[in-house]
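Please study the sequence and the model shown below before reading on.

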Amino acid sequence: MLVLLMLGYPMKVPLLAAALAVLWVFHPDVTPAVLVQQMIGGIKPAALIAVPMFIFAADIMTRGHSAQRLLDMVMAYCGHLRGGLPIASAVSCTLFGAMSGSTQATVVAIGGPLRPRLLQAGYSDAFTTALIINASDIALLIPPSIGMIVYGVVSGTSIGELFIAGVGPGLMILGMFCVYCWIASVRMNIPRQPKADSATRWKSVRGAMFPLGFPVIVIGGIYSGFFSPTEAAAVSVLYAVILEIAVFRELSLRDLPDIALSTGVVTAVVFVLVGAGAAFSWVISFAQLPDALINDWLGLSAASGYWTIMLTIAAAFFIGCMFVDPIVVILILTPIFHPVAAAAGIDPVLVGIVVTLQVAIGSATPPFGCDIFTAIAVFRRPYWEVIRGTPPFIAILLLAAVLLIAFPEVSLFLRDLAFG
């Protein structure tokens with residue numbers, strides 16, 4: 001698999017080729033047709049229907065006016081503060097993440113209009129780009145989250161509980177980013193922006209009122225038991241269509257087929273990876289590789305202790321996402337580590353939030369974090385320039401991961417309140 005990755009093959013090819021190699025060399029009596037069955041089985045869970053729905057809703061909002069209205073509101077209230085522009089960027093990424101659930105969509109929707117303003121205000125290119133790609137990763141923690149959906153399907157953990165549990169860590173990281181933005185602005189001696197008057201603020205709130213309905217629909221609907229996460233995804237699409245076509249009138253019905261086609265392409269890529277990852281996971285389970293990895297190589301067991309298990313899980317997912325697509329890492333590593341954590345009595349929702357956070361960090365970490373290449377494509381900047389400013393943000397996120405492991409209540413408080 002590593003050889004094919006280094007040769008530049010798409011991720012699905014190394015996954016399936018490695019799985020086939022294991023069967024042919026070590027289990028020639030097993031027909032390769034079983035891989036097709038596992039691929040189909042991997043994309044059959046009904047909960048995965050939420051993935052294309054959230055992607056579709058994010059595509060509609062990205063092409064419409066919702067993101068700009070959120071930006072206007074956040075800038076009206078935060079723009080005049082010391083470090084107000086980068087703070088507004090982090091807050092906007094968080095809010096849009098609560099609407100889309102996609103880091104890449106957040107980079108495009110928020111990073112596109114904000115990056116020129118940050119550069120014009122005097123912030124360095126390295127700081128600006130690193131802020132956008134790392135703040136966009138909060139989208140994986142604030143519900144809805146495509147990463148949480150995939151983890152929930154693979155591990156059997158409640159997706160609704162994962163959604164609610166991600167709110168606390170997401171807000172904690174947002175607060176830590178805001179503090180760092182203030183420090184960076186003082187260090188760079190960036191002047192403050194003019195303060196918006198009351199009329200401008202009220203106008204921006206009225207403009208953003210409808211886009212702010214997305215997290216209310218998702219979180220409120222699931223929390224109240226009015227609908228499931230999958231149904232919340234479908235309602236989000238309907239809400240996005242009504243908002244952008246009937247209310248804002250930024251799109252027309254003629255635009256929907258093109259947006260749907262874009263969503264279909266992205267969904268196909270995601271589901272091919274999910275299917276290939278499911279086949280690969282079955283092969284390594286069939287070959288009893290998890291037992292060898294956990295017991296013989298890592299020496300990990302239910303008796304290893306809370307900190308040893310959680311830090312090992314965090315390190316494995318973080319390193320994995322530095323090289324491979326987050327969805328693939330979740331599909332491959334979750335079946336390996338989830339049983340150990342469950343046997344040790346660790347709350348599966350807490351494990352899911354730690355995994356999601358590590359996936360988010362790895363997605364923006366060199367050498368091959370997927371958000372880095374999204375930023376390269378969107379901002380048209382060279383690789384080394386994009387990654388130059390990332391170390392401080394990665395350090396903040398790693399600190400957040402340690403705090404989350406040390407204080408599980410940050411994540412579980414709202415879950416217990418909602419589902420206790």
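The paragraphs that follow treat a pair of packed helices, then the cavities, and then the pockets. The structure is a predicted model.

Two packed helices are described by the angle between their axes and by the distance between those axes. Helix 5, which spans residues 66-78, packs against helix 12, residues 198-208, at an angle of about 150 degrees, and their axes lie 8 Å apart. Because angles over 145 degrees count as roughly antiparallel, helix 5 is roughly antiparallel to helix 12. The crossing of the two helices is left-handed. On the side of helix 5, the contact is made by R69, L70, D72, M73, A76 and Y77, while helix 12 contributes R201, S204, V205, G207 and A208. By class, the residues of this contact comprise six nonpolar, two polar and three charged.

The next topic is the cavities. The structure holds two cavities of 30 Å³ or more. In the largest cavity there is about 50 Å³ of space. Its lining includes G79, L81, R82, G83, G84 and L85, together with Y123 and the residues I190, P191, R192 and Q193. The lining of the largest cavity consists of five nonpolar, four polar and two charged residues.

The second largest cavity has a volume of about 30 Å³. Its lining is formed by Y151, I313, F317, T334, F337, H338, V351 and V355. Helix 17 (306-321), helix 18 (326-343) and helix 19 (348-363) are the elements that give two or more residues to this lining. Helix 18 provides the largest share, three residues. Six of the lining residues of the second largest cavity are nonpolar and two are polar, with no charged residues.

The largest pocket contains about 1,700 Å³ of space. It is lined by 50 residues, and the closest to its centre are L273, V324, D325, P326 and C370. The lining of the largest pocket divides into 35 nonpolar, 11 polar and four charged residues.

The second largest pocket holds about 220 Å³ of space. Of the 14 residues that line this pocket, I142, V167, L171, I219 and L414 lie nearest its centre. At least two residues of the lining are supplied by each of helix 6 (84-100), helix 11 (167-188), helix 13 (213-224) and helix 23 (409-419). Which classes of residue make up the lining of the second largest pocket? The lining has 13 nonpolar residues, one polar residue and no charged residues.

Key. Residues numbered from 1 in each chain as written. Predicted model: local features only at pLDDT ≥ 70, side-chain atom pairs only at ≥ 80, totals over all residues. Heavy atoms only, no water. Axes fitted to C-alpha atoms, helices over the stretch in contact; angles between N-to-C directions. Helix = DSSP H or I, 4+ residues; strand = E, 2+ residues; numbered from the N terminus. Parallel < 35°, antiparallel > 145°, perpendicular 65-115°, else oblique. Left-handed = near helix turned anticlockwise from the far one by under 90°. Contact = heavy atoms within 4.5 Å. Nonpolar A, V, L, I, M, F, W, Y, C, P; charged D, E, K, R; others polar. 1 Å grid on protein atoms, 1.4 Å probe; cavity = no way out; pocket = protein on both sides within 12 Å on 5 of 7 lines; lining within 4 Å. Points joined across faces, edges and corners; volume = space filled by probe spheres on them.
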